[in-house]
Amino acid sequence: MDEYKMEDVDDMDKEFLDRDMDGSESEVDVYDCLFSNSTMADTSSAQARKGKDIQGIPWERLTITREKYRQTRLEQYKNYENIPRSGDGSAKACKVTKKGGSYYEFKHNARSVKSTIRHFQLRNLVWATSKHDVYLMSHFSVMHWSSLTCKMSEVLNVSGHVAPCEKHPGSLLEGFTQTQVSTLAVKDNLLVAGGFQGELICKHLDRPGVSFCSRTTYDDNAITNAIEIYSSPSGAVHFIASNNDGGVRDFDMENFQLSKHFHFPWPVNHASLSPDGKLLIIVGDNPNGILVDSKTGKTIMSLCGHLDYSFASGWHPDGVTFATGNQDKTCRIWDARYLSKSVAVLKGNLGAIRSIRYSSDGLFMGMAEPADFVHVYDVKNGYEKEQEIDFFGEVSGMCFSPDTESLFIGVWDRTYGSLMEYNRCRNYAYLDSFT
C-alpha cells in the first residue's frame, strides 16, 4: 500500500466547479445549489419513489443532467494504479454480466452521517452489527448510527489521548495520542481500530472505556491496512491485522495477546480466514495473492491472474469459493479446490475493487469500487446477474447486516457525504391472500 495521498481521491465539489457550466452565472448557480450547507435533508424511500434523487442532488437546478455527469465521471475518473494500464489489460478476461438485478431496495439516505476516509486505498470503514446498528469513522471518531431511531452517538474519540482502562499483559498502558484510523472492524461486541503507525485500539461495546492497546510494529512502514474479527472453534474471539510491514498478526482477545505472526515479502493489504479456520487469503502489494495454511503461514498456492495490487478479499460462507479485489478494476472468484486459475472475473466501471463482502446466507456478494458504484451479485446463479447501485461520491465502506436484511454504504464527499441504507427485497406473495 502506498503513502497517504488523499489527492488521489476525486472530489465531486471540485469536479462540478472545474467544469464549464455555460458562463459565470451558471457556475454561481451550480455552486449555490450544490454546495450550500443550509439544508442537510435526508431522502426516504417514499421520496425516492416520487422521483427525488437519493442523495438530494438538485439536478433540475443544474445546467448538466445526471446522465451527462455520469458519463463525464466514467470518462474522467482517475483510477489509481501501481502498475500502469493494468485496468486496460484486465478487460479481456472479464465475464459479461446481466444488469438489472433487484436484490436490495433503497430505504434511506442519512445526510447527517458523515462517513470519512483517512487513506485513499483503504475502504473498510463501515460495519453493521444488526440491521439497525452501524459503526463508521467520522473524522477522529468512531460513531454508532441507529437506523431505527435515526440517532448518532460517539463510541470512541481518538483525537486526543486514548489509553486502556483494563490491565492486560502486553497492552500499552500509556496508550496513544491523535491516532489516525486507517481501518476498522466491528463484530458482535468487539470494535478494533487500526492506525497509521501500527496502532491497534480494542474496545468492547458492552464495557466502558478501551480494553486493550497495542502497536504491531515500530517499523517506519507500519500502517494497519485491514482487520478481520473471527471466533475460533473453541469460541474464543480473535482478530487478524494486516500491515504494511509485511506482517499478518493474529490476536487472541480472550487472553489479550498475540497468538501468531506471519511475515510476507511485501506489504499485506488484506487477509481473510476461511469459515473452517484452516486457510488464509493473503493479498497485497503484489499482483499475485497467496493462499496459506492458517496454522503455519506456509504457502499452499499462489493466486495468479490479477495485474496490479489487491486490497480486498472475502470467503463465501461455504468455505469453497472466495474472491479477491484488485486495482486492475476486477474482482476474481476462486475455487479453493482448483486454484490454477480463477473461475470468474468481474469488472468494475471506473476503478479498483476496494471492498468485498458476502452476505451471511451466501446468496449475494457485494463489491465496492472506490467511488460511485457498489455491485451486488447473485452468487447462487453463478454471478451471471448483478444489481448496480449508482451514486456519486467516494465509498468509505460497504457491508451487509449479519441477518442479510440490510446493506449499508458509506459515501465520503464534502457536501453529499452520507450513509445509504438498502433493505433486502422480499417476495411476500402470501400477503396477496389478504387483499
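Two strands count as paired if DSSP finds at least two bridges between them, and the strands themselves are DSSP runs (E, at least two residues), numbered from the N terminus, as are helices (H or I, at least four residues). With that in hand, take the sheet β22-β23-β24-β25: an open sheet of four strands in that order, with antiparallel pairing. At its edges stand β22 (310-315) and β25 (344-347), each with a single partner strand, so one side of each has no neighbour in the sheet. Going from one strand to the next, the twist averages 20°; for such angles, axes are lines fitted to C-alpha atoms (for helices, over the stretch in contact), and the angle runs from 0 to 180 degrees between N-to-C directions.

A quick word on what you're looking at: this is a predicted model, where local features need pLDDT of at least 70, side-chain atom pairs count only at pLDDT 80 or more, and totals for chains, interfaces and linings use all residues. Residues are numbered from 1 along each chain as its sequence is written, and side-chain values use heavy atoms, leaving out hydrogens and water.

Strand β23 (residues 321-326) runs antiparallel to strand β24 (residues 330-335), and five bridges join them. Pick Gly-325, and you'll find its bridge partner in β24 is Cys-331.

Six bridges tie β10 to β11 (residues 190-195), and the two run antiparallel. For Val-181, the bridge partner in β11 is Gly-195.
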